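Work through the exercises below with the sequence and the model open. Each task is followed by a solution in steps.

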Amino acid sequence: MSIKAINEYNKVGVKSGVDQATPHRMVQMLLEGALTRIAIAKGHMERKELAQQGEEISKAITIVGGLQATLDPEKGGEVAGNLDYLYDHIAQGLMQANSESSIEKLDQIINLLVEIKSGWDAIPVEHHQTTGLSDSEASS
């Protein structure tokens, strides 16, 4: 797992369970962290607090980048490729939302992340160790 992404997640305020989390749970937690950062950014955007909006969006982009860095195309195959594309699309969308102060764009990104997280949440427990992460990333 990307240390930078984990650190950004920890700053959201959820510290319990990170050390013992499976790679599957870490992905879920990072998705939750990204969603939280985007929700906070949305509030700043609504209040026209541009500096804070930019900070939160930057943190969300870092988390999404960490998720993208954990993908292993060899183990994850087509799913990893699709997630790579989606994570790239999400990061670009976050940058666009920030530059345009677009709540609509943030809502679109939130919907995408919720859909991705729903997919992760639906993976049966017996498959949690085969998430498409490389062995070194899974143990980091």
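A residue counts as buried under 20% relative accessible area, as exposed over 50%, and as partly exposed in between, with a 1.4 Å probe and protein chains only. The model is a predicted one, in which local features need pLDDT of at least 70, side-chain atom pairs count only at pLDDT 80 or more, and totals for chains, interfaces and linings use all residues. Residues are numbered from 1 along each chain as its sequence is written, and side-chain values use heavy atoms, with hydrogens and water left out.

**Exercise 1. Classify Ser101 by accessibility and give its place in the chain.**

Step 1. The relative accessibility of Ser101 is 34%, so Ser101 is partly exposed.
Step 2. Ser101 sits in the loop between helix H4 (73–100) and helix H5 (103–121); helices are DSSP runs of H or I with at least four residues, strands are runs of E with at least two, and both are numbered from the N terminus.
Step 3. Its phi is near 45°, which is positive although the residue is not glycine.

**Exercise 2. Describe how H2 and H3 pack.**

Step 1. Helix H2 covers residues 23–46 and helix H3 residues 50–69; their axes come within 8 Å and cross at roughly 160°. Axes are lines fitted to C-alpha atoms, for helices over the stretch in contact, and angles run from 0 to 180 degrees between N-to-C directions.
Step 2. H2 and H3 are therefore roughly antiparallel (angles over 145 degrees are roughly antiparallel, under 35 roughly parallel, 65 to 115 roughly perpendicular, and the rest oblique).
Step 3. The crossing of H2 past H3 is left-handed, meaning that the near helix is turned anticlockwise from the far one by less than a right angle.
Step 4. Residues of H2 in the contact (heavy atoms within 4.5 Å) include Leu30, Ala34, Ile38, Ala41 and His44, and those of H3 include Gln53, Ile57, Ala60 and Val64.
Step 5. By class, the residues of this contact of H2 with H3 are 13 nonpolar, four polar and three charged. Nonpolar covers Ala, Val, Leu, Ile, Met, Phe, Trp, Tyr, Cys and Pro, charged covers Asp, Glu, Lys and Arg, and the others, Gly among them, are polar.

**Exercise 3. Which residues does His44 touch, not counting residues up to four places away in sequence?**

Step 1. His44 belongs to helix H2.
Step 2. Its relative accessibility is 14%, so His44 is buried.
Step 3. With that sequence limit, His44 touches Glu49, Gln52, Gln53 and Glu56.

**Exercise 4. At what angle do H4 and H5 pack?**

Step 1. The angle is about 155°, and the axes of H4 and H5 are 9 Å apart.
Step 2. H4 is therefore roughly antiparallel to H5.
Step 3. H4 and H5 cross in a left-handed way.
Step 4. Among the contact residues are Leu83, Tyr87, Ile90 and Leu94 of H4, and Leu106, Ile109, Leu113 and Trp120 of H5.
Step 5. The contact of H4 with H5 has twelve nonpolar, three polar and one charged residues.

**Exercise 5. How many helices and strands does the chain have?**

Step 1. The chain has six helices and zero strands.
Step 2. Of its 140 residues, 44% are buried.
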